[in-house]
Amino acid sequence: MIPPTLYIATRFIVSRKRSLILSMLGVVCGVGFFICTQAQTQGFEKYFIQSVLGTSGAVVISDRFQPRYTQFSGTSSADMVASSGQNARKYYEGITDPYRLMRVARSFSNVLGAAPIIRGSVSIASSFQSEVLRLEGIDMRYHLGATALREQIISGSIDGFGAQPSAIILGWMLADKLQVRVGDNVTVTAPTGTRTFKVVALSRSGINIIDETRGYINLGVAQSLLGKPSSASVITLRLRDPGRAPELAAHLERLFSHRARSWQERERGNLALFSTLKISAGITVSLIILLAGFGIFNVLTLTVLEKLREIAILRSMGYRRWDISAIFLWQGLIIATFGSLFGCGLGALLTFLVSLIPINLRGVIFATHFVVDWNVYHYLYGSAIAFVAVLVATFFPAQRAATVPPVDILRGSGQ
Amino acid sequence: MTPHLPPPCLICEGLERYLGEEESRVHVLRGVSLTLEPGLVHAVVGPSGCGKSTLLYLLGLLDHPDAGSITIDEVPVASLSDEDLSATRNERLGFIFQFHFLLQDFTAAENVMIPMRRLGRARMEEMRARAEFLLDAVGLGAKVDRPSRHLSGGEQQRVAIARALANDPRVILADEPTGNLDTSNSERIFSLLTTLVRENEKALLLVTHNPEIAERCDWVHEMKDGVIFESRPGLRAPGSAPS
Ligand SMILES: Nc1ncnc2c1ncn2[C@@H]1O[C@H](COP(=O)(O)OP(=O)(O)OP(=O)(O)O)[C@@H](O)[C@H]1O
Ligand SMILES: [Mg+2]
C-alpha cells in the first residue's frame with residue numbers, strides 16, 4: 001500500500017496541476033540544458049584527446065638523461081643539451097637504441113603498440129610556395145599500431161609506403177597552403193641537402209597546429225636527411241587504458257632513464273581550458289536549475305498557505321508533524337523525479353539536434369559538426385543537481401507546514 | 001453510580017485556558033473538570049462564547065491547557081510527545097468540529113478513509129468497505145464517491161461524523177454535530193452516536209444548543225463564563241426516572 005502521505009501529496013499536486021507543471025518545466029529545462037552543454041564541452045574535449053592520442057600518443061618517450069651527481073662539474077659537456085635544475089639531470093637528445101626500448105615497453109600489458117619517430121624541422125616547397133615542415137620519420141610497420149594514422153588519411157593511400165623512399169604524407173592544411181594534391185611532387189630542404197618527394201596521401205588529425213605543419217616520410221630516409229643515423233627522437237606508445245598514462249610514464253622514465261611524458265602532462269594547458277569551459281557551462285546551467293528551485297519554493301510555499309486548513313484537519317485526525325512535512329517533501333520528490341526524467345529526455349533530444357548543426361571549426365581543432373559526447377554521467381549529475389535543488393526548495397515550505405498549530409486555524413475559520 | 005465502574009475513558013481536572021495576546025487576553029476556561037465514563041453520553045450546554053469549543057480542542061489534544069491535566073485511557077497526556085499525541089488522536093479520539101471540516105479535493109469515502117490510512121491496520125478493500133458502511137449509517141450511502149465540495153453543508157457535516165468514527169475511537173468529541181441538520185437527520189445522527197457509545201463502552205461528549213437533545217444525554221453539564229456551574233443527569237436519559 002502506498003504511504004498515506006504520498007497519497008495525499010499526489011492529490012494535492014493534482015489540485016495544483018498548472019503551477020506545479022510550470023515550476024517543473026524549469027527543472028526539465030535546467031536538466032536538459034545541463035546535459036546538452038556538458039555533452040558539447042565533453043564532446044570537444046574527448047575529440048581533442050582522441051586526436052592527441054591518435055597523433056602523438058599516450059606516452060612519449062624522448063631524451064635520455066643521466067642523474068647529475070656532482071652539481072657543478074661536467075656542465076661544459078658538449079653532449080648536454082638541457083638540464084633541469086630541480087631534477088639535476090643531464091639530458092642527451094634523442095634515443096639511440098629505439099627498438100630495444102620498444103621491445104621492453106611492449107612487454108607492459110597496458111601498452112598496445114610502440115613506434116619510433118625521428119623529428120626535424122625542415123623546409124618544404126612546391127611550385128607555388130615554400131613552408132616550414134615539421135618532418136616525422138616513421139616506421140610504418142610499427143606506426144599504424146601505435147597511432148591512428150590510418151584513420152587520419154583523408155585522401156590517397158599509404159599502402160606500400162614503407163617500400164617507397166620518396167613517398168611523403170602531408171597534413172591536409174599544409175597541402176592546402178602549398179597547393180599540392182596527391183600525386184604532386186614537393187622538394188624538402190634539410191641541412192644535409194635537398195630531396196624530392198611524391199605526395200602519396202593527405203592526413204587530418206583534427207588538431208590544426210599539426211595539420212598545418214606535419215609531413216611523414218620513412219624513418220630511414222628521415223635519418224639520413226636529418227643526419228642522425230640509427231636513432232629516433234621519440235617513441236610513441238598507444239595504451240589500452242590512456243587514463244593510466246601518467247603512472248606508466250613515471251615508471252618508464254625510471255626504467256629507461258629517458259624522459260617519458262604522458263598526454264595529460266603534455267596537454268595540460270589545453271585540458272585545463274576544456275575543464276574550465278565545462279565548469280563554467282555547468283555553473284551557468286546550475287543557475288537555471290537554481291532558478292527553477294526558487295519557482296518550486298514559491299509554489300510550495302503558496303500551497304502550504306492555501307492548504308493550512310487541510311493541514312490542520314490532517315493534524316486533528318492524527319497525522320504527525322513529520323507526516324505533514326512528508327506530504328510536501330513527496331511533492332518535491334515527485335516534481336524532481338518527473339522533472340529530471342523529462343529533463344533527461346530533453347537533454348538527449350537537444351544533444352542529438354546539436355550534433356546535427358554544421359560548424360566550420362578551424363581553431364585549436366578541426367570539426368565540421370558539433371562534437372557531442374553521450375555520457376550517462378551527464379544525465380546522473382544533471383538529475384542529482386535537480387534533486388538537490390528541488391529538495392532544498394521543498395524543505396522550508398515542508399518545515400513550515402509541519403509547525404502550523406492546528407487549533408489556530410480550526411478556531412479561526414468559520415467564525 | 002455503582003462502585004464497580006471500569007476506569008474512565010477521559011478525565012480532565014482544573015483546565016484553564018487563556019486566549020489572545022496582551023490586553024485582549026481572555027481567561028476563556030477557568031478550571032473545568034470532567035470525567036467521561038465508558039458507555040455514557042455527556043452533553044455540554046451553555047451560551048455562545050462560554051468556552052465549549054475551547055474545552056473540546058483541549059480534550060481533543062489539539063491545544064494545550066495553561067493549567068490542569070487531561071488523562072485519556074489512564075495515560076496523562078501532558079507528558080506525551082507530538083508523535084504519541086498524534087497517535088492518540090488517530091486511534092482513540094474521534095473529533096467532530098463545529099464547522100464541518102472536510103478535505104476539499106477528496107470524495108466522501110476518501111475523506112472517511114484518511115484516518116484509516118494513517119492508522120494503516122486494514123487493507124484497502126476493508127477501509128473502503130468500512131467507509132461505505134459508515135457513510136450509509138449517516139444516511140449518505142448514495143453519495144459515497146461524491147467530491148466533498150459538491151456536498152451540502154449538512155451532508156458535509158455527516159461525512160465529518162462518519163470520518164470521526166473511522167478508527168472506532170474510544171472517545172468521541174462532538175461540537176454541535178447536529179447543528180446544520182433537519183430533525184430526522186439530527187435524530188439519526190444522535191441515535192447512531194448514542195447507540196455506538198452505549199453498546200461499545202465508548203464515551204461521548206456532545207456540545208449542543210438543542211435542549212431536546214441535551215436532556216436525552218446521561219449527563220448535562222451547564223457551562224457559563226468558562227466554568228461548569230452545574231452537572232446533572234439528563235431529564236429524559238434512558239435510565240432516569242420520569243419527572
Ligand atoms: N484567539 C482568540 N483570542 C481571544 N479570544 C478568543 C480567541 N478565540 C476565541 N476567543 C474567545 O473565547 C471564548 C470562547 O470561545 P469558544 O469558541 O470556546 O466559545 P463557544 O462556547 O464554543 O461558543 P459557540 O457556542 O458560539 O460555538 C469566546 O468569548 C471567544 O470570543
Ligand atoms: Mg463553539
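**Sheet and ligand site in a predicted model**

In this predicted model, 4 strands of chain B form an open sheet in the order 2-1-4-5, with antiparallel pairing.

Student: Which strands are the edge strands of the sheet in chain B?
Tutor: The order in chain B is 2-1-4-5. An edge strand pairs on one side only. That gives strand 2 and strand 5 (75–76) of chain B.

Student: Which residue does B:Thr71 stand opposite in strand 5 of chain B?
Tutor: Strand 4 (residues 67–72) and strand 5 of chain B run antiparallel, joined by 2 bridges. In strand 5 of chain B, the residue opposite B:Thr71 is B:Pro76.

Student: What angle does the direction of helix 1 of chain B make with that of strand 1?
Tutor: Helix 1 of chain B packs on the sheet. It touches strand 1 (10–19), strand 2 and strand 4 of chain B. Its direction and that of strand 1 of chain B make about 120 degrees.

Student: Why is the site of ligand 1 shared?
Tutor: The shell holds 15 residues, and the closest include B:Ser48, B:Gly49 and B:Lys52. The site is shared because the residues around ligand 1 come from chains A and B.

Student: How far is an oxygen atom of ligand 1 from an N or O atom in the side chain of B:Ser53?
Tutor: Backbone contacts come in at 3.3 Å for B:Cys50 and 3.0 Å for B:Gly51. For the side chain of B:Ser53, the distance is 2.7 Å.

Student: Which element gives the most to the shell around ligand 1?
Tutor: Strand 2 (26–36) and helix 1 (52–59) of chain B each give two or more residues. The top contributor, with 3 residues, is helix 1 of chain B.

Key
Residues numbered from 1 in each chain as written. Chains lettered and ligands numbered in written order. Predicted model: local features only at pLDDT ≥ 70, side-chain atom pairs only at ≥ 80, totals over all residues. Heavy atoms only, no water. Near = heavy atom within 4 Å. Polar contact = N/O pair within 3.5 Å; in protein donor to acceptor, adjacent residues only side chain to side chain. Pairing = 2+ DSSP bridges. Contact = heavy atoms within 4.5 Å. Axes fitted to C-alpha atoms, helices over the stretch in contact; angles between N-to-C directions.
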